[in-house]
Amino acid sequence: MRRRTAAATLAAALALSLAGFVAPQGAAAAVPGGCSYTSTSYRPVLSHGSTGAAVKQAQCLTNVWGGVPKLTVDGIFGSNTLTKIKWIQGCHGLTKDGIIGPNTWSALYYPVEDCYDPYPG
């Protein structure tokens with residue numbers, strides 16, 4: 001029975017990898033740019049004035065993104081973070097409200113290849 005379960009698991013993993021879904025091989029593979037201030041599954045709603053490790057994670061992910069200036073990863077959701085989040089939201093066709101909710105977290109972890117919106121500033 002164990003052999004059947006192992007074979008089924010291996011077959012499923014192979015099918016997913018052939019379909020373009022690749023499981024990460026370690027923590028570093030799962031975290032873009034080495035951002036590891038929080039778990040990739042910890043995605044609280046953040047807005048201007050928020051503080052803490054989740055803000056650091058978001059700031060780090062924005063720096064992986066590009067755009068100038070790079071944010072200081074200080075855990076304080078200030079005006080520079082707000083501007084950059086709104087820019088990233090615009091690149092993904094999201095509402096530019098500056099609130100990091102589920103869709104914005106997804107954009108931070110899985111950015112588009114290129115953004116044609118000019119960075120404000």
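Buried residues are those under 20% relative accessible area, exposed ones are over 50%, and partly exposed ones lie in between (1.4 Å probe, protein chains only). The model examined here is predicted, so local features need pLDDT of at least 70 and side-chain atom pairs count only at pLDDT 80 or more, while totals for chains, interfaces and linings use all residues. Residues are numbered from 1 along each chain as its sequence is written, and side-chain values use heavy atoms, with hydrogens and water left out.

A search of the whole structure turns up one disulfide (a pair of cysteine sulfur atoms within 2.5 Å). The bond joins C35 to C60, with an S to S distance of 2.0 Å. C35 sits in the loop between α2 (27-30) and α3 (53-65), and C60 belongs to helix α3, so the pair ties together parts that are 25 residues apart in sequence. Helices here are DSSP runs of H or I with at least four residues, numbered from the N terminus. The torsion about the S-S bond of C35 and C60 is about -85°, so this disulfide is left-handed. As for burial, C35 is buried at a relative accessible area of 0%, and C60 is buried as well, at 13%.

Turning to helix packing, α4 (residues 79-91) and α5 (residues 102-109) pack at about 85° with their axes 10 Å apart; axes are lines fitted to C-alpha atoms over the stretch in contact, and angles run from 0 to 180 degrees between N-to-C directions. The contact (heavy atoms within 4.5 Å) is made by I85, I88 and Q89 of α4 together with T104, A107 and L108 of α5.

Conventions. Helices (H or I, at least four residues) and strands (E, at least two) are DSSP runs, numbered from the N terminus.
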